[in-house]
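Welcome, and thanks for taking a look at this one with us. Have the sequence and the model at hand, and let us walk through them together.

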Amino acid sequence: MSRYTGRCACGAVRLRIDAQPLATRQCWCRQCQTIAAGSATNNAIFPADAVHIDGALAASAWTAASGNTLTFHFCPACGAQVYAQSSARPTMKTVRFGVIDQPHDLAPRMVIWTGDAPQWAVFDPALEQFAGQPPAPAPKD
Ligand SMILES: [Zn+2]
Ligand SMILES: [Zn+2]
């Protein structure tokens, strides 16, 4: 029994996730704004081996300001962003909320890259905020 299930917009890609997230974050970095129609992405970071994907994904890699390589994995048929992975954290996958089936219990616990957000952006004052990149979440043993 999976804790979470999910699918892309067209259904060609399906997910099963067998773990609780290590962290959840809302990200306002410029790259996220580009893929999320000008808004933030909302993401759950899972242990990589808990994320099971059926269906072929396309990928796009780029070099982050940190020097790490970030790879965005998405459905080649509908373009939905499924997950991202950093070369610095190969044991984690950052899954986009948008492909996780609702109802689910996930909500962002942290807002990051607020320094890159547009002026109209509103941040939940109850959430921890970082102007840039926060520390990586600790892996669960
Ligand atoms: Zn699709
Ligand atoms: Zn981002």
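## The zinc site

A donor here is an N, O or S atom within 2.8 Å of the metal, and since water is not among the atoms, a site may look incomplete. Please also keep in mind that this is a predicted model. With that said, the zinc ion (ligand 2) is coordinated by the SG atoms of Cys27, Cys29 and Cys32, at 2.1 to 2.3 Å.

Along the sequence, these donor residues follow the spacing C-x1-C-x2-C. Are Cys29 and Cys32 buried or exposed? Both Cys29 and Cys32 are buried.

## Overall build

The protein chain holds one helix and eleven strands. Read from the N terminus, the elements come in the order β-β-β-α-β-β-β-β-β-β-β-β. The radius of gyration is 14 Å, close to the 14 Å that the globule rule gives for 141 residues, so the protein chain is as compact as a globular protein of that length. Along the principal axes, the C-alpha atoms fill a box of roughly 40 × 30 × 30 Å.

Of the 141 residues, 44% count as buried. Among contacts with a separation of 6 or more, 53% come from residues 24 or more positions apart. The accessible surface of the protein chain is about 7,600 Å², and carbon and sulfur atoms account for 51% of that surface.

## The sheet

Eight strands form an open sheet with mixed pairing, in the order β6-β7-β8-β9-β4-β3-β10-β11. The edges are taken by β6 (58-63) and β11 (128-129); each has a single partner strand, so one side of each is left without a neighbour in the sheet. As a reminder, strands of a sheet pair through backbone hydrogen bonds, either parallel or antiparallel.

## Around strand β9

Asn43 has Arg96 of β9 as its bridge partner, while Pro47 stands opposite Met92 in β9.

On β8, too, there is antiparallel pairing with β9, this time over two bridges. Here Ala84 has Thr94 of β9 as its bridge partner, and a hairpin of five residues joins β8 to β9. How many of the five residues of β9 are buried? Four are, so β9 is largely enclosed by the rest of the structure.

Follow the chain onward and you reach Gly98, in the loop between β9 and β10 (110-112). Gly98 is exposed, with a relative accessible area of 73%. Between Gly98 and Cys29 there are 69 residues in sequence and 17 Å in space, C-alpha to C-alpha.

## Nonpolar cores

Which residues have the most contacts inside the largest nonpolar core? They are Ile17, Phe46 and Val95, in a core of 17 residues. At least two residues of this core are supplied by each of β2 (14-17), β4 and β8 (81-86). Beyond its neighbours within four places in sequence, Phe46 is in contact with a list of residues including Tyr4, Ile17, Leu22, Val51, Met92, Val95 and Ile100.

Notes: Residues are numbered from 1 along each chain as its sequence is written. Chains are lettered from A and ligands numbered from 1 in the order in which they are written. This is a predicted model: local features need pLDDT of at least 70, side-chain atom pairs count only at pLDDT 80 or more; totals for chains, interfaces and linings use all residues. Side-chain values use heavy atoms; hydrogens and water are left out. Donors are N, O and S atoms within 2.8 Å of the metal (3.2 Å for Na, K and Ca); water is not among the atoms, so sites may look incomplete. Buried means under 20% relative accessible area, exposed over 50%, partly exposed in between (1.4 Å probe, protein chains only). Two strands pair if DSSP finds at least two bridges between them. The radius of gyration is taken over C-alpha atoms; the globule rule is 2.2 Å times the number of residues to the power 0.38. Contact means heavy atoms within 4.5 Å. Accessible areas come from the Shrake-Rupley method with a 1.4 Å probe; for residues, only the protein chains shown count as cover. A nonpolar core is a set of buried Ala, Val, Leu, Ile, Met, Phe, Trp, Tyr and Cys residues joined through side-chain atoms within 4.5 Å.
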